[in-house]
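Reader: I'm new to this one. Can you walk me through it, bit by bit?

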Amino acid sequence: MVKWFSLGLKRLATLKGSCGKAGIPNAHLADSAFDRQERRSLAELGGPFSSGIVSGVSMSSEGGPETGLVSVGGDPVLGDRIRGLRKRRKMTLSQLSESANLSIGYISQIERNLAYPSIPALVNIARSLGVTVQWFFAGASPVPQEEHGYVVRSGNRLKIQYEGGIIDELVTPKMSLQVEMIYTRLPPGTESAESYTHEGDGVGFVVSGELDIWVGERHFHLYEGDSCSYSSGEPHRYKNAGGREAVVIWAISPPSF
């Protein structure tokens, strides 16, 4: 494995040198490598995205040496994934800004990994790019072949971090299931300040801490062990107004977040 990896690095360095002499920027190589990793991530996550519903993204069966492990997903940061998909959609920052109703500067900061998006902002970006938020979950931990598609270990969850330190972790193993489950950690005082919507029905279960949730004009204060069901098509938002971290498990059917 070490020998194979070393040879790979040498070949990449040689290729970069050749491209430099030919006047091809090394950044193009990085974009190409990201493209291949992104296509592998889509194929491995399964579901509608691996069958070509994401237009302009072709699937690839290429991979590394057989080791008995399967990658859970790529390890590009969120900004790289947004920028990569936007370019494949042949959208400019201005076009994405107008479609997502967000400022060009804000999207640029997210793409350059200078800022984390809010939850509603990422929902709007995903919708404008023709995918769901679930497409942007990323991670790099391998899983045993026999567990792939069935088991998600606590240390192998795909994740997204939002502004304020809110973290979503995908509990379900792939996108082809009829339900997606998300494990959310909200530091004290954090919130989804703006309401957002998506398809399907949702259920939230408070594992620990407290949670304020607004569904339409209704407001509910949930304590540890409480749950709330709602139509995800109805505007909703939530906040941790307590003094300690809140942990919530969300179930959404069909997968639409």
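Reader: What share of the residues is buried?
Author: Buried residues make up 38% of the 257 in the protein. Keep in mind that this is a predicted model.

Reader: What about contacts? Which percentage joins residues at least 24 apart?
Author: That percentage is 67%. It is taken among contacts between residues at least 6 apart in sequence.

Reader: Pick a helix. Which residues of α3 are buried?
Author: Helix α3 covers residues 78-88. Its buried residues are L78, G79, R81, I82, G84, L85 and R86.

Reader: Why would residues three or four places apart point the same way?
Author: An α-helix has 3.6 residues a turn, so residues at that spacing point the same way. In α3, L78, R81, I82 and L85 are among the buried ones.

Reader: What follows α3?
Author: K90 follows α3, and the phi of K90 is positive, near 60 degrees.

Reader: Switching to strands. Which residues of β5 are on the covered face, and which on the uncovered one?
Author: Strand β5 spans residues 180-186. The covered face has E180, I182, T184 and L186. The uncovered face has M181, Y183 and R185.

Reader: Which strands does β5 bridge to?
Author: β4, residues 167-170, joins β5 through 4 bridges, and the two run antiparallel. L170 has I182 of β5 as its bridge partner. β5 is also joined to β11, residues 246-253, by 7 bridges, again antiparallel. There, Y183 stands opposite I249 of β11.

Reader: Y183 again. What lies over its face?
Author: R157 does, at 4.6 Å from the ring centre.

Reader: Where else does an arginine lie over a ring?
Author: R237 lies over the face of W214. The distance to the ring centre is 3.9 Å.

Reader: Back to β11. How many bridges join it to β6?
Author: 7 bridges join β6 to β11, and they run antiparallel. F205 stands opposite I249 in β11.

Reader: What does β6 do with β9?
Author: β6, residues 201-208, pairs with β9 over 5 bridges, in the antiparallel sense. V203 has S229 of β9 as its bridge partner.

Reader: What do strands of a sheet pair through?
Author: They pair through backbone hydrogen bonds, either parallel or antiparallel.

Reader: Which strands make up the open sheet, and in what order?
Author: 3 strands form that sheet, in the order β8-β7-β10, with antiparallel pairing. The edge strands are β8 (218-222) and β10 (236-239), and each pairs on one side only. From one strand to the next, the twist averages 15 degrees.

Reader: How many bridges between β7 and β10?
Author: β7, residues 211-215, and β10 pair over 4 bridges, antiparallel. D212 stands opposite K239 of β10.

Reader: New topic: rings. How many aromatic pairs are there?
Author: The structure holds 3 aromatic pairs. One of them is Y230 with W250, an edge-to-face pair. Their centres are 6.5 Å apart, with 80 degrees between the planes.

Reader: Where do those two sit in the chain?
Author: Y230 is in strand β9 (residues 227-231) and W250 is in strand β11. They are 20 residues apart, so the pair links distant parts of the chain.

Reader: Buried or exposed, those two?
Author: Y230 has 10% relative accessibility, so Y230 counts as buried. W250 is buried too, with a relative accessible area of 6%.

Reader: Why is the pair of Y238 and W250 called tilted?
Author: The ring planes of Y238 and W250 are at 35 degrees, so the pair is tilted. Their centres are 5.0 Å apart. Y238 is in β10 and W250 in β11, 12 residues apart.

Reader: And how covered is Y238, buried or exposed?
Author: Y238 is buried, with a relative accessible area of 3%.

Reader: Which residues do the ring pairs link into a cluster?
Author: Y230, Y238 and W250.

Notes. Residues numbered from 1 in each chain as written. Predicted model: local features only at pLDDT ≥ 70, side-chain atom pairs only at ≥ 80, totals over all residues. Heavy atoms only, no water. Buried < 20%, exposed > 50% of the residue type's maximum accessible area, 1.4 Å probe, protein only. Contact = heavy atoms within 4.5 Å. Pairing = 2+ DSSP bridges. Axes fitted to C-alpha atoms, helices over the stretch in contact; angles between N-to-C directions. Phe/Tyr/Trp six-rings, centres within 6.5 Å; stacked < 30°, edge-to-face > 60°. Lys NZ or Arg CZ within 6 Å of the ring centre and 35° of its normal.
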